[in-house]
Amino acid sequence: MSGETGDDTETPRDQYLDRRRFLMATGTLAGVGVLAGNVGGQDGTTTTEGGQETTTRQPEESLQERYPGLRILAADPANAEAASRTTYESFVTPREEHYIRNHYSTPDIDEDEWTVSLTGMVDSEVELSMDEIRNGYSTETVTHTMQCSGNGRSYFDPQVGGNQWTFGAVGNTVWTGTPVSEILEEYGADTSEGSWLSVMGGEAPEGEDIFTRSIPMSKVMDDCLLAYEMNGSPMSGEHGFPVRLLVPGWFGNNNVKWVDRMHVMDQMVFGDEWEEGDQRLYTHWQQYSYRLIPIDEEVNQQPSISTFDTQDQMESDEIRHPYLYDQMVKSLVGYPPEDATITPGPGGTVEIIGVAWAGDDEVQTVEVSTDGGESWSEAEFFGPVMGPASWRQFRYVWDPEPGDHTIMSRATDEQDRTQPATISAPDEALLGIQDDKYPWNTGGYGATAYEPLAVAVTVEAGETETPGGETTESAETTTTSS
Ligand SMILES: Nc1nc2c(c(=O)[nH]1)N[C@H]1C(S)=C(S)[C@@H](COP(=O)(O)O)O[C@H]1N2
Ligand SMILES: [Mo]
């Protein structure tokens, strides 16, 4: 711990990371949110949207104090990503290391007053209390790797506008809640193939577009939850308290927080009916944002699509501007971290550790390169297997020479899709992943390219214990570890 070096200029984040390493080493931290931050004070401004009262959170403790594992991009609306690669050494992401992506201020909601209404193509419309949602239906749990579709945006060249996320807008957490299918069935919703559930957030201030996502009914009926717990604890305000939609394996933008309405439809939110004059009241976040647009051209609203897999949409002739739904295959190295100077263990080796995920597909293989992509070796999986929506951990035992090295990882999913090396240039106007390139797009969405995610490390000559008890430099040792 850096306390031993007498360095007293640590930030709360450094202190947190030190403390976390200590707790991991002593076995105190099980990986769940045991260090959960306090919810802040109740003072704030009250606004009303859709009939429900929300109060803008003005906590006494800063966002950084409550989420010491995050690098803050903006304090209000809160936007923050994992500060350190250490987040990707563990299977479960603690709450204070899970990225936050908010378009508006975090609402401060009284759970006892909150309701979720069900409207549209149903036999009877209803307004459910949190108590009814929690206790009137089954309880299910899913482990879900949630990633912001803007993760990796900072690697686009030329740069695009928006939060400049690097690697850290992704986390793996355990979500508990009520299957949406049970609620839809109870109230006689049209759940046939081709229908949609539009889910709305209740936090938008007056005059702002309501965060609404239209989810195809087949996915809703398959595994979507109205989630009220994260890592076995109540959710924090920033992550959606008291209730959010959980769409296993799909990009974060589909996982609507502070849900106050679900509307059953025969198309997505689309056209005049869902707009108000010039304001794209319900259509903005579904039709104009979170689309893959290859060059600066007008986005086309679509009432419906029949291909939801994001990469299939990229390859389809019918859809020029794919909607960011399920996540594409990707991996991240957690150890060693960037710019680390590492000393091999007694056997002369270094264990490279990371995570890999592929939306609602399974990850098939992960390869690791320690020479900047010239050669690749297969890694092995370890750790819990919690279904395809959850990442897998991988390890690769490396026998390095002293010196500078560039480490990369590259995953392949069960459909044989592999991460590309780089991001294309805009003038190539790629519509899909092609020639080992991820398509540059105007929103900077969905990047999976592995080269920008590489970590540069320096390996020092290791100390090897000889049977006689003396230590020798491993680089000069002729015996090889087996
Ligand atoms: N109501 C509402 N839901 C929302 C958002 C939002 O701004 N408002 N942001 C979305 C986006 S873009 C992402 S990536 C995830 C982030 O969830 P997290 O903050 O819990 O990580 O929430 C999604 N749900
Ligand atoms: Mo996002």
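Reply: A backbone N or O atom of His103 is 2.9 Å from an oxygen atom of ligand 1. That is a polar contact, meaning a pair of N or O atoms within 3.5 Å; within protein, one must be able to donate a hydrogen and the other to accept it, and residues adjacent in sequence count only if both atoms are side-chain atoms. This is a predicted model: local features need pLDDT of at least 70, side-chain atom pairs count only at pLDDT 80 or more, and totals for chains, interfaces and linings use all residues. Residues are numbered from 1 along each chain as its sequence is written, chains are lettered from A and ligands numbered from 1 in the order in which they are written, and side-chain values use heavy atoms, with hydrogens and water left out.

Tyr99 brings a polar backbone atom to 2.7 Å from an oxygen atom of ligand 1. His98 uses its side chain: a polar atom there lies 3.4 Å from a ligand oxygen. The protein covers 100% of the 530 Å² of accessible area that ligand 1 has on its own (Shrake-Rupley method, 1.4 Å probe).

Ligand 1 sits in the largest cavity. A cavity is a set of points, on a 1 Å grid over the protein atoms alone, where a 1.4 Å probe fits but cannot get out. To sit there, more than half of a molecule's atoms must lie within 2 Å of the grid points.

The shell holds 20 residues, and Tyr99, Glu203, His239, Arg244 and Lys257 come nearest (near: a heavy atom within 4 Å). By class, 7 are nonpolar, 8 polar and 5 charged. Asp, Glu, Lys and Arg count as charged; Ala, Val, Leu, Ile, Met, Phe, Trp, Tyr, Cys and Pro as nonpolar; the others, Gly among them, as polar.

Now the strands. An open, mixed sheet has 5 strands in the order β18-β27-β24-β20-β21. Its edge strands, β18 (341-342) and β21 (377-378), each pair on one side only. Strands are DSSP E runs of at least two residues, numbered from the N terminus; pairing takes at least two bridges. β20 (residues 363-369) and β21 pair antiparallel over 2 bridges. Val368 stands opposite Ser377 in β21.

Last, the backbone. Most peptide bonds are trans. Asp157 and Pro158 are joined by a cis bond, omega about 0 degrees. Pro158 is in the loop between β9 (140-147) and β10 (170-179).

Technical notes. On a 1 Å grid over the protein atoms alone, a cavity is a set of points where a 1.4 Å probe fits but cannot get out, and a pocket is an open set with protein on both sides within 12 Å along at least five of seven lines; lining residues have an atom within 4 Å of a point. Helices (H or I, at least four residues) and strands (E, at least two) are DSSP runs, numbered from the N terminus.
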